[in-house]
Amino acid sequence: MILPILQLPDGDIVALCVGGWVAWSFLIGFVAYRFPLKLLETDTCLTRPRPWGEERHWYERVLRIKCWKDRLPEAGDFFPGGFRKSSISGGDYGVMSRFLAETRRAEYVHVAIWLFWLVTMLWTPGWGVLVNLVVGTAFNLPCLWVQRYNRLRLQHLLELKGQRTTI
């Protein structure tokens, strides 16, 4: 069993975890907000569809994502000049392309935020690390699913628009 580096009372551990999650989330959000849009224009090994045939229909059928995705909080425009995903309307190609890039930014953010559970090992005993892993997963995995689903959906729509403009 790995012992934490810091030995703290349970109340301090909880406060440090809660405060750490909040502070880490703001830090990661701010760093990602500063990413140039150019870095988000193409998929990477993290954001590209999975080799086992990831499809938007799987998210709809298995996760029933359309039933709950709009209930998640939206923080795309938390920082000045950010992109609010609900601002997409009318099927404008440029706006849809920007939204596609922003799904990548959001995916990077949620993966990086999720990794904070590893940091909690510094001051949290084993049971607390497990709690932080569960909490981090519960808060970030649905957001990751929504980003991946939206990206698959947008890529499909942009492909259709591309075909229509070339005919």
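Glu 54 is buried, because its relative accessible area is 14%; buried means under 20%, exposed over 50% and partly exposed in between, with a 1.4 Å probe and protein chains only. The model is predicted, so local features need pLDDT of at least 70 and side-chain atom pairs count only at pLDDT 80 or more, while totals for chains, interfaces and linings use all residues. Residues are numbered from 1 along each chain as its sequence is written, and side-chain values use heavy atoms, with hydrogens and water left out.

Glu 54 sits in the loop between helix 1 and helix 2. Helices here are DSSP runs of H or I with at least four residues, numbered from the N terminus. Two polar contacts can be described for the Glu 54 side chain. The term covers a pair of N or O atoms within 3.5 Å; within protein, one must be able to donate a hydrogen and the other to accept it, and residues adjacent in sequence count only if both atoms are side-chain atoms. A polar atom of the Glu 54 side chain lies 3.1 Å from the backbone nitrogen of Arg 50, and the side chains of Glu 54 and Arg 148 are joined at 2.7 Å. Leaving aside residues up to four places away in sequence, Glu 54 touches Arg 48, Pro 49, Tyr 59, Arg 148 and Leu 152, where contact means heavy atoms within 4.5 Å.

Which residues line the largest cavity? They are Thr 47, Arg 48, Pro 49, Glu 54, Arg 148, Arg 151, Leu 152 and Gln 155. On a 1 Å grid over the protein atoms alone, a cavity is a set of points where a 1.4 Å probe fits but cannot get out; a pocket is an open set with protein on both sides within 12 Å along at least five of seven lines, and lining residues have an atom within 4 Å of a point. The largest cavity has a volume of about 30 Å³, a volume being the space filled by probe spheres set on the points, which are joined across faces, edges and corners. Its lining divides into two nonpolar, two polar and four charged residues. In this scheme Ala, Val, Leu, Ile, Met, Phe, Trp, Tyr, Cys and Pro are nonpolar, Asp, Glu, Lys and Arg are charged, and the others, Gly among them, are polar.

Glu 54 also belongs to the lining of the second largest pocket, where Arg 50, Trp 52, Glu 54, Tyr 59 and Arg 148 lie nearest the centre among 14 lining residues. The volume of this pocket is about 220 Å³. Eight of its lining residues are nonpolar, one is polar and five are charged. Helix 6 gives the most to that lining, with four residues.

Leu 37 is in the loop between helix 1 (10-33) and helix 2. At 33% relative accessibility, Leu 37 counts as partly exposed. Its C-alpha atom is separated by 8.3 Å from that of Arg 98, 61 residues apart along the chain.

Arg 64, in the loop between helix 2 and helix 3 (65-68), has a positive phi of about 50° although it is not a glycine. Arg 64 counts as exposed, at 52% relative accessibility.

How values were computed
Helices (H or I, at least four residues) and strands (E, at least two) are DSSP runs, numbered from the N terminus.
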